[in-house]
Structure formats: structure tokens, C-alpha cells
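Good morning, and thank you for coming.

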Amino acid sequence: MIRRPTMRWGRATLVIGLVCGVTQPAALAAQAPVVSPSVDRAIARARAAVDAGDGAEARAVLDSLEKAAPVASNDLAEILFWRATLSERLSDAERDWKRLVIDVPLAPRASDALLRLGELEMLRGHPAGARTYFARVAREFPAASTRARSQLWIAKSYVAQRDLPRACVALADASAAGMPDGELKLQAEEMGRQCATVDRTLIAKAMSDSVAPAIASAKVVGSDAAKPAKPTPKLADVPKGARFSVQLAAFDTAEEAERLVKRLRTRGIEARIDGTAKPFRVRVGYFDTRAAAKAEQAKLKQRGQSGYIAEITK
């Protein structure tokens, strides 16, 4: 029988962290975005409870925080991130990281959550699926350290598929982004030694293969960027019979929702804003059946965009 990977309470360390080499909680705390002091203190209590072996108390604290957190806030993102990081079950951690990415996609913690989701897919032996998450981090969060880390994971995903030429191309991108000192740099140097043994013509071909789609994508982006984002549809604009949609995010302000809609349009995803008061929901498509909406959800996932099925209220 194949055992599913699990996470266990104890010293605030995930089993997946030991396998994949993810950032440990102490380092994560140093990277934390600005959150409410009360939330920060409560999260510290939850982490201390885990260190003391009291997982139930930690969970109770984080569940209470989550219920009181404002919609689409940095507080909510931080709570979801730590509840996932300290989770006992892999399925619970995955659910919270996915919710963070969907409900608070512009939060500083969103890139961390995407990386964790990619690392989970790597742990499961799904490097192609993992790559969609890592590629999204590289594309949407261009900070040098984050981009370097995601590109290194992209390289690892190709190594897992025994595609060393593409791995070497991704490694070059990671190095160009500025690899920070420490474990990541050591990993990059080791992979660089492997790349030194790969036929240069194979690497050049892999590079040209990756450039062609990028050029085509840039042409699409250029044409879409000139188009204004679609206005919020009125009730009459909802197609007759439409019952379902794919929801990607929800925000307190229309401005935040509009920014995400514009960003999605540059990627060729036709999104809209539903609602004239908070939460402003960013959704894709109108579907008569749940099955049709799930098919669209699967297509979006292949493009690295997580979402869930939402019923359209009239």
C-alpha cells in the first residue's frame, strides 16, 4: 500500500520541509509581511503551542483568527499561511494555501503559498503540475529572490523528468535573477556542474524552443493590454440559463479586483468582476452546468490559475 505524505505536529516543522527543503518557520517569520499586531501575537502563540506539542491549542487559535479576519486582507493571508504551515494533515495545508492564492492573490504571502503548492506536487511526483505553480511565481512576483527561487524549482522539475537541457535553461534564468547566498546557491552550483556535462547544442535547442512560445505570448499580451478591462456586468448581462462560474478571487475594493482582471487579461484570461459592493468577486465564464464549469476550472489550473466553482446568484 502506498502511504500518502503526511505532516505532523512538533517543533513547527513539516515533513514536506524535510523532503523538499522548504524554508523553515523561523526564517519564514523574518519574511512576514505587515499584519495587525494582535494577529501577529496570536500567531506567535500558536507557533509556541506547536513547539510545546499542543497542536490542538494551536489549531484553535488559528481557527478563531481566521473566522474574525477581514476578507482579502493581509491578516487573512498570514493566518491561512501559518495554519497551512503548521497543519497536521497535508490535505488541510493544501486547502489553506489554495484558498490564500484564490482569496488574497495580491498578498505578499501569495508567492510563498504558490511555491508550497508546487513543492507538494513535486513531492507527489508530478513535476509538470508543479511547474505551473513555479512559473506563475516567476511571472507574477518579479522580486529577484522570489524569481530565482521559483526558477530553480522549475529547473528541478525538469531534472525530475530527466530533461537536463531544459533544466539548464531554467537554471540560467535563475542565476540571471540573482541567486541569494546560502542553500539555494549551493543547489544551483551543484546543478551547474551537471549542466557542464550536457551537450551545448541540446541546451541551445531547448533555449530556442522556450523562446518561441514566449514571443507568441508577448504578441498576445501586447494586443490584450491595449483593451480596457470589461466593466462589471449588470444583471441583465448574465446569459439566460447560466448558473455557474469559476471564481478566482474576492476583494474588499473594486480597484483591487480591477487590477487582477487587467493582469488576467494580459495572460489571455477573460475575467470579470461580479458584485457592486464588497466582496468584489473576480470570475471567469458563464456555464449552464457544474460539469462545464469544472472543465473550465481544469483548463485554468493547467495555466497555473487556481479557482473554485461558484453559483451565480440572480
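The buried residues of helix H5 are Asp75, Leu76, Ala77, Glu78, Ile79, Leu80, Phe81, Trp82, Arg83, Ala84 and Thr85; buried means under 20% relative accessible area, with exposed over 50% and partly exposed in between, for a 1.4 Å probe and protein chains only. That is 11 of the 12 residues of H5, a helix that is mostly covered. H5 comprises residues 74–85 and reaches 16 Å from its first C-alpha to its last, close to the 16 Å expected, the expected span being 1.5 Å times one less than the number of residues. Helices (H or I, at least four residues) and strands (E, at least two) are DSSP runs, numbered from the N terminus.

A word on the basis: this is a predicted model, in which local features need pLDDT of at least 70 and side-chain atom pairs count only at pLDDT 80 or more, while totals for chains, interfaces and linings use all residues. Residues are numbered from 1 along each chain as its sequence is written, and side-chain values use heavy atoms, without hydrogens and water.

I turn to the disulfide, a pair of cysteine sulfur atoms within 2.5 Å. The structure holds 1, formed by cysteine 168 and cysteine 195 with their sulfur atoms 2.1 Å apart. Cysteine 168 lies in helix H10 and cysteine 195 in helix H11, so the pair ties together parts that are 27 residues apart in sequence. The link is left-handed, with -105° about the S-S bond, and both cysteine 168 and cysteine 195 are buried.
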